[in-house]
Amino acid sequence: MSEEEKFDCIVVGAGPAGLSAALTLVKAGVEVAVLERGEYPGSKNVMGGILFTPVLDKLLPEFWKSAPVERFVTHRRYSVLSKEGEAAFDFKTAAYGEPDYNNSWTVLRAKFDRWFADQVEEAGAMIIPGMMVSELLVKDGRVTGVKTEPGGDELNCDVVICCEGANSFLAEQVGLRKPHDPKHLAVAVKEVIGLPQDEIESRFHLNGNEGCAYEIFGQAVQGTFGSGFLYTNKESISIGVGSTIHDMKRHELNPNDVLEGFKKHPAIAPLVKGGESLEYAAHMIPEGGYSHMPKLTMSGLILTGDAAGFVNASHYHEGSNLAMASGVHAAETVIAAKEKGDFSEATLSGYRDKLENSFVFKDLKKFQKFSGFLNDNPHLLRDYPDSIIGLLTDYFRISEKPKAQIEKDVIAKFRREIGIINFAKDMYKMWRATR
Amino acid sequence: MKVLVFAEQRNGEFRKAAVEALCEGRRLADGELIAVVIGKGAADLGGQLGAYGADKILAFDHDLLELYSTEGFTACLQKAAETVSPDAILMAATAMGRDLAPRLGARLDVPVLADVTKLSFTDGNIEAVRPVYAGKLNVTVRSKKSPGIATTRPKAFLPTEPDGSKTAEVVAMDAAVGDLKARVKQVQSEAEGMIELTEADFIVSGGRGMKSAENFKIIEDLAKVLGGAVGASRAAVDSDWRGHGDQVGQTGKVVAPTLYIAAGISGAIQHLAGMTSSKVIVAINKDADAPIFKIADYGIVGDAMEVLPVLTEAIKAVK
Amino acid sequence: MNILVCVKHVPDTETAVKIGSDGKSISTQDVNFILNPYDEYAVEEALKIKEDKGGEVTLITLGPEEAKKTLRTGLAMGADKAIHLPCDAPPDSLSIANALAEVIKDIEYDLIFCGKQAMDNDNAQVPIMLAEKLGLPNVSAITKLELEDGTAVAHREFEGGVEVVETSLPAVISAHKGLNEPRYASLKGIMMAKKKPIEDKPCDCGDAAIEIVDVTYPQQRAGGKIVGEGTEAVPELVKLLQEEAKVI
Ligand SMILES: Cc1cc2nc3c(=O)[nH]c(=O)nc-3n(C[C@H](O)[C@H](O)[C@H](O)COP(=O)(O)OP(=O)(O)OC[C@H]3O[C@@H](n4cnc5c(N)ncnc54)[C@H](O)[C@@H]3O)c2cc1C
Ligand SMILES: Cc1cc2nc3c(=O)[nH]c(=O)nc-3n(C[C@H](O)[C@H](O)[C@H](O)COP(=O)(O)OP(=O)(O)OC[C@H]3O[C@@H](n4cnc5c(N)ncnc54)[C@H](O)[C@@H]3O)c2cc1C
Ligand SMILES: Nc1ncnc2c1ncn2[C@@H]1O[C@H](COP(=O)(O)O)[C@@H](O)[C@H]1O
């Protein structure tokens, strides 16, 4: 390589966002290098659950035929835990068991990202793992390249697409983002537990390659603002907990202990029993949503995916598809900028317009009040699960007490502990927060 | 089945591991067991091997063989093999054995089963179990060519008690050493009385948690009381607190003492690769979640700097 | 000085290796492969000599197509070119050494480096067998090296000390940890490596000289017990070591 060699575009991070961006770019003949700090793409990636794939299916049609996907998700379950009990909403349909498999797949990122990167490399991108971008090079208010570690080499380009995930310290370096607010940054710990394939299928009532996704609130995370999750892979399950750093601190909780407690809960213990712990990891999730988004572009730079805070932290729990969609939009913006030969902020801000018209901003806007709402109403996740399960426990208890009396007592207890008006108000507020 | 065993000696002393290989050779051979001794004074030394069951000793005695040389020793063993036509050739998987066996194998155009922990004859060829992937798997392999050559892992085979009443015939061999392209110019020996890690019955190892080279004094003290050797994790070696020769693990030595005490060592998979065959493992670590506790028989959660001196005194009192 | 370095593509040492469905091999699915760590020392030593004395460093590997990734790793460190001998499943050491020797005998070189041992089958044999097949001297598992005119002086550790070995050149020398500190590949190195030549040469890895009967998992150590905390636990530990474990 000559000293002057320069790429059209450098992508920082080979996660879903970076790889989608790079693939879109090389398909359009843009010269791109992807720098990834992990030993290989995926080696550091932690996602616990469902890869949502409508965008991927467009980039690599019928990817599931060759990609290392684990199971397609046909079975979703939401529940709350009290100390002893669980109340659940459970949904399952065979309709999700046919192409496009509802675009929901459990994956192990270490395998999946590596496969995805191989496809992108084959398409013509240069992917360089084991290389961390330590600094963005800025000249006269314009990003002109990156500095890398180890070695301290510099590499120049017309534009950088920053797909570095939740920590996004590069965005902070150039002033696009303020330091994270612990109220809107969740910490998640996740463990992969190995179990025989047929054991998983019988424990979770799955046929063949069907998979399930459990989202669990309340005591799962000791009443903090967060949730526990459990997803089935082919021969393992991913189980974890996540809550905002702020709330964990406030409750003086340590996420590892919370996960240990979660795994021992009577509703969860039988699901993980006898498994072998295969890996354990912690990761951040930016949950600020639309109202806490950083500035997305400057001359020579675009932010995507988690680095831009694109996570739908509602019960949908989506980040992967927003990452891929934003990666594609960023790439399209760069392709247009290259045609114009202009990478100024004015041109790159076309990115924002694309996002406005896509589900990315539409969904983030819909749920923009949701996280603030839960932050302001901690009792919903702290007290309701206990009360509701307590009421159900009384309601289903068999004794010589006449059923009419039981109903009366339960209603009285409900009035006392929650109150009909309070409950109605909370439900209304919750509904409003998702409008 | 006729078995030939190379009995490694340095300065007139047979290696423990060589005796182990010889005893395993005796168990394996339903026919003759022949030992080969190479070095200055080999003829005089060889006689004692009868006590371990050797029927015949081939002694190669030559000035040029005073110090080890791959080429010189290979030539001797080649000649021994031609003389007795064994079905199998064994030697200890020591620094010398692991250098010599492959050279001999390549010369005879037969494969070598390296660093084995179990041996047998099956259909006239040797079959062995050997740990691979740093002990994560065991593979059973069979040589397709004869004579099969194997190197035996130190401490994996139990030696038998010597029987002084048994003697062996010593045959002086002509050493056709020839021209040596590589030769040992000098041997830098370790201090007298040092116990070699791979042969030690007691090992006390320190890791990054020991914090400095000076603090290894505490480890040395305990090792001395136990009559054992000092080991180290790679982190300690890479910090220059100990020499490379002390490193236990995948890129260090594989040890199997009766008692292994790990102090301030987290228990990384590469360290475990070197010591999980120890009979009893004790871990001292201030982090109760350190992975070393998952494989240790006994653990103390605490500061090694405080615990070790007390342990040293307590053991001194009962020894 | 022209130096050949034999390198092998092996599973990362962190990998939890699993037995393949045939019960005789490992499952390579999900396994991250790397340049054999001992070979990093070999490459580093070769590069240091090249920097000092000039010449070329050529890597050679016998392995599957994916092993080219490992060659790229060595090229990124600074090696000049590489030779790939295609072989989907490298067999035993003797067959590998034979196949390597067959190709190497037609190449010009002054010195051959190997790693002490490949961290897959832990054989530590190929370098020594290769030397024999090429009719060269070998010095295995060295921790120090000095080159003089036409000779090399190397240190190798044994149980109880260090042997200082002098050898004529060319020779096959295998590198142990401690020989040097391998460099990281720089970004420029990695990008340049993508453009360096890798030559495919046909090779015959022959019939295996060793038959694999089976592969099994070793017995797991059962987790033990925490005796207690701090110095207070010492008397109990000593008692257990004496009475239960009976080791002191
Ligand atoms: C426990 C957990 C569970 C989750 N569950 C779900 C789920 O069920 N469904 C869902 O859709 N989403 C889920 N998410 C969110 C999802 O993982 C992210 O939204 C998604 O991975 C974002 O993709 P990305 O490409 O922006 O970032 P990442 O996937 O984080 O990728 C960033 C990449 O950049 C690399 N990198 C970082 N800094 C540098 C640097 N300086 N130089 C070079 N490389 C760098 C990293 O190593 C990494 O490979 C979950 C997240 C967590 C933590
Ligand atoms: C290819 C490769 C090969 C390797 N080969 C080897 C090898 O052969 N051998 C080897 O050992 N490693 C090897 N390693 C390195 C290995 O991965 C670990 O990094 C290393 O073993 C860590 O050493 P440690 O346990 O001393 O240090 P750390 O992992 O840093 O652990 C230090 C421990 O000390 C504890 N501690 C701290 N202070 C105290 C105190 N006052 N009292 C008690 N406990 C304390 C801590 O809780 C911690 O558990 C290899 C790595 C690679 C990649
Ligand atoms: N397939 C191979 N291709 C090239 N070099 C090899 C190969 N196998 C082993 N080697 C070399 O021989 C050394 C020792 O390997 P082994 O004898 O397999 O433990 C390795 O570190 C390499 O340098």
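A:Pro150 is found in chain A, in the loop between strand 9 (142–149) and strand 10 (154–162). In this predicted model, the peptide bond that leads from A:Glu149 to A:Pro150 is cis, and its omega is near -5 degrees. Another cis peptide bond joins A:Pro99 and A:Asp100, with omega about 5 degrees. A:Asp100 is placed in the loop between strand 5 (86–92) and strand 6 (104–107) of chain A.

**Backbone angles in loops**

A:Ser168 belongs to the loop between strand 10 and helix 4 (169–173) of chain A. C:Asp122 sits in the loop between strand 8 (111–115) and helix 4 (126–134) of chain C.

**Helix 1 of chain A**

Helix 1 of chain A has 12 residues and extends 17 Å from its first C-alpha to its last, which is close to the 16 Å expected at 1.5 Å a residue. This helix is mostly covered, with 11 of its 12 residues buried. Among the buried residues are A:Pro16, A:Gly18, A:Leu19, A:Leu23 and A:Val26. After the helix comes A:Gly29, which has a positive phi near 80 degrees.

**Two helix pairs**

Two packed helices are described by the angle between their axes and the distance between the axes.

| Helix pair | Angle between axes | Distance between axes |
|---|---|---|
| Helix 1 (16–27) and helix 3 (109–122) of chain A | about 15 degrees | 10 Å |
| Helix 3 (93–104) and helix 4 of chain C | about 45 degrees | 8 Å |

With an angle of about 15 degrees, helix 1 of chain A is roughly parallel to helix 3 of chain A. The crossing of these two helices of chain A is left-handed. On the side of helix 1 of chain A, the contact is made by A:Pro16, A:Leu19, A:Ser20, A:Ala22 and A:Leu23, which meet A:Arg109, A:Asp113, A:Phe116, A:Ala117 and A:Val120 in helix 3 of chain A. By class, the residues of this contact between helix 1 and helix 3 of chain A are seven nonpolar, one polar and two charged.

In chain C, helix 3 and helix 4 pack at an angle of about 45 degrees, which makes helix 3 of chain C oblique to helix 4 of chain C. Their crossing is right-handed. The residues of helix 3 of chain C that take part include C:Leu94, C:Ile96, C:Ala97, C:Leu100 and C:Ile104, and those of helix 4 of chain C include C:Val126, C:Met129, C:Leu130 and C:Leu134. This contact of helix 3 with helix 4 of chain C has 10 nonpolar, two polar and one charged residues.

**Chain C as a whole**

Chain C contains six helices and 15 strands. The C-alpha trace of chain C spans about 65 × 45 × 40 Å along its principal axes. Of the 248 residues in chain C, 60% are buried. Of the contacts in chain C between residues at least 6 apart in sequence, 71% join residues at least 24 apart.

**Contacts between chains**

Which chains share the most contacts? Of the two pairs of chains in contact, these are chains B and C. Chain A and chain B do not touch, and their nearest C-alpha atoms are 11 Å apart.

**Two residues of chain B**

B:Asn138 is part of strand 10 (residues 137–143) of chain B. Apart from neighbours within four places in sequence, B:Asn138 is in contact with B:Val129, B:Arg130 and B:Pro131, and also with C:Asp214, C:Val215, C:Thr216 and C:Pro218. B:Gly193 is 55 residues from B:Asn138 along the chain, and their C-alpha atoms are separated by 35 Å.

B:Ser239 is located in the loop between helix 6 (234–238) and strand 16 (259–263) of chain B. With a relative accessible area of 31%, B:Ser239 is partly exposed. B:Ser239 and B:Ser212 are 27 residues apart in sequence, and in space they are 8.4 Å apart, C-alpha to C-alpha.

Conventions: Residues are numbered from 1 along each chain as its sequence is written. Chains are lettered from A and ligands numbered from 1 in the order in which they are written. This is a predicted model: local features need pLDDT of at least 70, side-chain atom pairs count only at pLDDT 80 or more; totals for chains, interfaces and linings use all residues. Side-chain values use heavy atoms; hydrogens and water are left out. Helices (H or I, at least four residues) and strands (E, at least two) are DSSP runs, numbered from the N terminus. Axes are lines fitted to C-alpha atoms, for helices over the stretch in contact, and angles run from 0 to 180 degrees between N-to-C directions. Angles under 35 degrees count as roughly parallel, over 145 as roughly antiparallel, 65 to 115 as roughly perpendicular and the rest as oblique. A crossing is left-handed if the near helix is turned anticlockwise from the far one by less than a right angle, and right-handed if clockwise. Contact means heavy atoms within 4.5 Å. Ala, Val, Leu, Ile, Met, Phe, Trp, Tyr, Cys and Pro count as nonpolar, Asp, Glu, Lys and Arg as charged, and the others, Gly among them, as polar. The expected span of a helix is 1.5 Å times one less than its number of residues. Buried means under 20% relative accessible area, exposed over 50%, partly exposed in between (1.4 Å probe, protein chains only).
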